[in-house]
Amino acid sequence: MMSDFLPERYQVVGDPDLGGFGSVIKCRDSHLERFVAIKTINDPSDTERMKDELAALMTLRSKHVVELFDVINYAEGNLAIVEEFIDGPSLNEVNNKITTVGELIKILWQIASGICEIHEHDIIHRDIKPGNMKIDKEGLVKIYDFGLSRKIDNAKTIGFKGTPIFAAPELYLQNVDFTKAIDTYAFAVTAMCLAKTPVPDELTRYPKILTSNPFDLSVIKLPSIVKELFFKCLDANPQARPPMKDVCDVLKKILLHNSHRALLISDNKKPVVLSATHKTESYNNPGVGSVEITYSGSEFYISDISGDVYVNNIRAKKRNLLPSSCVIILGPAGRTTTKRIFITFDLSHPEVVL
């Protein structure tokens, strides 16, 4: 029994959750007065897999990844991992409760953020799917089950492991180096499931080449830019898939639409705030130059321009995006007797509120 090798501080609560790889049991940590999940393996031959999971969790610190608390060594070199207990349902269990595009994009952004942070540590999860994610009491999505994870420098196929529908085509090959792009592929299939998209027949067999965008048939209708991006994530060529950072950024822009505020201060008018309620402001230095700055809902850019206009001493052009902080100058650069107008631009970056 699991309780035979547990330190006294861990008090078993309820029956273990049994799986093919191992078992997980809920315990109360009497020292820190919190619930934990303790994971063991069934077959000693899977010890290396448990060590891979342990190595990944020891490296990662992310609000969207389950947290490692402790490691228990017991008989014959076996390990048990003590993890954060997530008191909430898996994404499989809440799928039918996700009904609006806003709810869906907020969840997908959290998943993408978690995968981004996993990839920043040069770890490949290799088993991204709704069943390996839970939502905690605060509404945060948590990714867990790193039993198939690999470091980027040790990512080579030997034999197929994983869940077929979520597995990128390259995972079906032998002795092939794989990359972070396999998580990108699995993320897109996860998005299909959560958007209630009919699974194309092509995804059930190798080489999984799609001829049309499956997201066009989703019950939850995603914006065109998102559908196109997710379709690229399903490309049979891993090099053609976008990095998860790009996916995360696009979803974040949608979530933060019309939430930004930028402060403009110049020497010829009162300070101005550009936002969803005041999206355009113009400045003019007669006979020298003029500029119009516009907020699109996600970016600030130069919508109109004439004459000598510079941004951080670089000549500006129409449609130029403005950096987070800059100085816009109406007047020639360098030493000059021409009167110039200086406008400081500062953008406050909003955060996604979950």
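Me: Is strand β4 (residues 34-41) largely enclosed or largely open, and how many of its eight residues are buried?
Reply: Buried means under 20% relative accessible area, exposed over 50% and partly exposed in between, with a 1.4 Å probe and protein chains only. Strands are DSSP runs of E with at least two residues, and helices are runs of H or I with at least four, numbered from the N terminus. Strand β4 is largely enclosed by the rest of the structure, because the number of its eight residues that are buried is six.

The model is predicted, so local features need pLDDT of at least 70 and side-chain atom pairs 80 or more, while totals for chains, interfaces and linings use all residues. Residues are numbered from 1 along each chain as its sequence is written, and side-chain values use heavy atoms, without hydrogens and water.

Me: Which residue of β6 is the bridge partner of Lys39?
Reply: β4 also pairs with strand β6 (residues 78-84), in the antiparallel sense and over four bridges. In β6, the partner of Lys39 is Ile81.

Me: What relative accessibility makes Tyr206 count as partly exposed?
Reply: Tyr206 lies in the loop between α4 (181-194) and α5 (224-233). Tyr206 counts as partly exposed because its relative accessibility is 45%.

How values were computed: Pairing = 2+ DSSP bridges.
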